[in-house]
Amino acid sequence: MESPNRVESQLTDKGYVPVYTTAVVDQPWDSYTDTDHRVWAQLFERQKQILPGRASDEFMAALAAMEMTPDRIPKFDDLNPILRAATGWELIGVEGLLPELTFFEHLANRRFPVTWWIRKPDQMDYLSEPDLFHDLFGHVPLLMNPVFADYMEAYGRGGVKAHGIGEDALVNLTRLYWYTVEFGLIRQQDGLRIYGSGIVSSKGESIHCLESDAPNRIGFDLQRVMRTRYRIDTFQKTYFVIDSFEQLMDATGPDFAPIYDKLAQLESIPAGNVLDDDNVYNRGTGEGWPTDADV
């Protein structure tokens, strides 16, 4: 498999991350090696064993509807007709993390960027940047869900606006994405379940987020989330719990500009803190938490 085209590494709110060419690229499917397909298969089978009873009903239904299989890396061109028919979204191939405005513009137009390359066998449990498995297995299935698909488009439109407002607004909006799209939990009748892509694509965090006593689990509140810092290099100290995807859509309805103005006057909240007015499902013990700064 050829190497991705990194343009540079720069310091962002996520730490030092590689930034890639903004170009949309064809998925070089014929260049995937037998090892690449085996990595996909091992990751896929591992999560299929772990997620029943932990992942949300919506995610499990969407994963089944996508018709992805463990035997080989899926072709974007095979998945796109299924996705377009369901919600009007489509996948586009990219080299990796995109500049923020480029990413927002894709989401606003119902295009989801998927990294074409997959991790190496010695990176099964941790990778510092998103690869094909994280993007395709973690993010794409819920784009089959009409309400979540609408939320992602609304988020993209909001990102374009926030980019025009300034850096502080982008920080607030990035925290919303982190604690919903990447690391969100949802409350079902039978208990808390996972929908965030960073969790459903990770064996360790799929177990930790629901079964460990260490993290906080707190009811979703838009402004609370937008003020809360987060971890990029360990399991999360806090997970926010939504009641439904409709709740997310309702939260993105208002104009965020006045919210950004209000939050600019308030201190950010450390990732592990619990506030007096939080709706607390679990107050974490903090066991194993790193003591250095959050981002």
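**Exercises: a sheet and the helices beside it**

Ile186 stands opposite Ile242 in S8. Keep in mind as you work that this model is predicted.

**Exercise 1.** Find out how strand S5 and strand S8 run, and how many bridges join them.

*Solution.* Start with the ranges: S5 covers residues 185–188 and S8 covers residues 238–242. Next, count the links, and you will find two bridges. Finally, compare directions: S5 and S8 run parallel.

**Exercise 2.** Work out the strand order of the open sheet and say which strands stand at the edges.

*Solution.* Walk across the five strands and you read S6-S5-S8-S7-S9. The pairing along the way is mixed. Now look at the ends: S6 (191–194) and S9 (280–282) each have a single partner strand, so one side of each lacks a neighbour in the sheet. From one strand to the next, the twist averages 35°.

**Exercise 3.** Describe how helix H1 packs with helix H9, and name the residues that make the contact.

*Solution.* First, locate the helices: H1 spans residues 34–50 and H9 spans residues 203–211. Second, take the geometry: the angle is about 20° and the axes are 9 Å apart. Angles under 35 degrees count as roughly parallel, and H1 and H9 are therefore roughly parallel to each other. Third, note that the crossing is right-handed. The contact is made by Arg46, Gln47 and Ile50 from H1, together with Lys203, Ser206 and Ile207 from H9. Sorted by class, these are two nonpolar, two polar and two charged residues.

**Exercise 4.** Which strands does H9 lie across?

*Solution.* H9 lies across S5, S6, S7 (216–219) and S8. Relative to S6, H9 runs at about 155°.

Note on methods
Residues are numbered from 1 along each chain as its sequence is written. This is a predicted model: local features need pLDDT of at least 70, side-chain atom pairs count only at pLDDT 80 or more; totals for chains, interfaces and linings use all residues. Side-chain values use heavy atoms; hydrogens and water are left out. Axes are lines fitted to C-alpha atoms, for helices over the stretch in contact, and angles run from 0 to 180 degrees between N-to-C directions. Helices (H or I, at least four residues) and strands (E, at least two) are DSSP runs, numbered from the N terminus. Angles under 35 degrees count as roughly parallel, over 145 as roughly antiparallel, 65 to 115 as roughly perpendicular and the rest as oblique. A crossing is left-handed if the near helix is turned anticlockwise from the far one by less than a right angle, and right-handed if clockwise. Contact means heavy atoms within 4.5 Å. Ala, Val, Leu, Ile, Met, Phe, Trp, Tyr, Cys and Pro count as nonpolar, Asp, Glu, Lys and Arg as charged, and the others, Gly among them, as polar. Two strands pair if DSSP finds at least two bridges between them.
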